[in-house]
Amino acid sequence: MAHKIFDLSERVVIVTGGASGIGRIYCEALASCGAKPVIADQNEMLAQQVSSDLKACGRNALGLGCDVSNSDSVQAMVAAVIKNFGSVHGLVNNAALMSSLPRGPWYEIEPSDWDRVMEVNLRGLFLCSRAVYPHMKHSGSGRIINISSNRIWDGTPNRLHYTTSKAGVVGFTRALSREIGDDNITVNAITPGFTSSEGQIQSSDPAYIAKMQELNSRKALKRTQIPEDLVGALLFLLSDASSYITGQTINVDGGAMMH
Ligand SMILES: NC(=O)c1ccc[n+]([C@@H]2O[C@H](COP(=O)([O-])OP(=O)(O)OC[C@H]3O[C@@H](n4cnc5c(N)ncnc54)[C@H](O)[C@@H]3O)[C@@H](O)[C@H]2O)c1
């Protein structure tokens, strides 16, 4: 039997962008641990579908429509979580604009596209953290996990707005962890490497995918990263096992980048 410090049963965890890609895998993993995942996604139909699929397997879950860049939408989502489940233990700030963004030179990025990336990838983190904070404070503990990207260690070009926003996630994580440590809320980040989520594969140029073999050969663990590779770090950061870890960024990319 697993040690009780890893026990997540009955813990309510909001996963933004949980309806597809890596977020969906997080929700499935949480449900299989007996936690109650909240699938909060702009795609409401898909969020509810994921929730129904989990319930059909005897799990507990809640699917909600939410645009993380919109304050009213975020407040309504968190209010629905409290109404349904009474508390919130964890927030996984996973929703982001990524796979829908074209790769290209920085000079071709329209200022309006730059702003939208910052709205979803950074303002979204702020709004969601702000909305759960009073509930976590009231319950005496909480876990916020922010999803960044290993691009920030590499300086990967061709999605400058995206890479910049993901570097901001680390600054946000560090500063917020200091501001809410006294409330016993931890704030950590994960930097995934290129992961074969359906969105990432569909949006990547076939030439880039063909280059994967070569990119993989530069890693310590020489294979393509899959969404399941991220689950261990996420569950650890949500559990009591990580209760004295905060403000940190864990790189999960098979040893492509080291920091
Ligand atoms: N896949 C990768 O290679 C990779 C690498 C590094 C980091 N990441 C990060 O991991 C996370 C998940 O990646 P993915 O590949 O599953 O992405 P994805 O693009 O496939 O899925 C993103 C999810 O977020 C939702 N979403 C987008 N905008 C939203 C909004 N405004 N409000 C609510 N939901 C919204 C989408 O509907 C979708 O379900 C992202 O933060 C991404 O930046 C991914």
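**A ligand and the residues around it**

Ser197 counts as buried, with a relative accessibility of 7%; buried means under 20% relative accessible area, exposed over 50%, and partly exposed in between (1.4 Å probe, protein chains only). Welcome to this predicted model, where local features need pLDDT of at least 70, side-chain atom pairs count only at pLDDT 80 or more, and totals for chains, interfaces and linings use all residues. Residues are numbered from 1 along each chain as its sequence is written, and side-chain values use heavy atoms, with hydrogens and water left out.

**Around the ligand**

- The ligand is surrounded by 27 residues, where near means that a heavy atom of the residue lies within 4 Å. The closest are Asp41, Ser99, Tyr162, Thr195 and Ser197.
- By type, the shell divides into eleven nonpolar, 13 polar and three charged residues. Here Ala, Val, Leu, Ile, Met, Phe, Trp, Tyr, Cys and Pro count as nonpolar, Asp, Glu, Lys and Arg as charged, and the others, Gly among them, as polar.

- On its own the ligand has 830 Å² of accessible area, and the protein covers 94% of it (Shrake-Rupley method, 1.4 Å probe).
- Helices H1 (21-32), H6 (160-180) and H7 (198-203) are the elements that each give two or more residues to the shell. Helices (H or I, at least four residues) and strands (E, at least two) are DSSP runs, numbered from the N terminus.

**Two serines in loops**

- Ser197 is found in the loop between E6 and H7. Neighbours within four places in sequence aside, Ser197 is in contact (heavy atoms within 4.5 Å) with Gly21, Ile22 and Pro227.
- Ser100 sits in the loop between strand E4 (90-93) and H4, and is exposed at 55% relative accessible area.
- Ser100 and Ser203 are 103 residues apart in sequence, with their C-alpha atoms 6.9 Å apart in space.

**Helix H6**

- H6 has 21 residues and reaches 30 Å from its first C-alpha to its last, close to the 30 Å expected at 1.5 Å a residue (1.5 Å times one less than the number of residues).
- Among the buried residues of H6 are His161, Tyr162, Phe172 and Ile180.
- The buried residues of H6 pack against helices H4 (111-139) and H5 (151-154), and strands E5 (142-147), E6 (185-192) and E7 (249-252).
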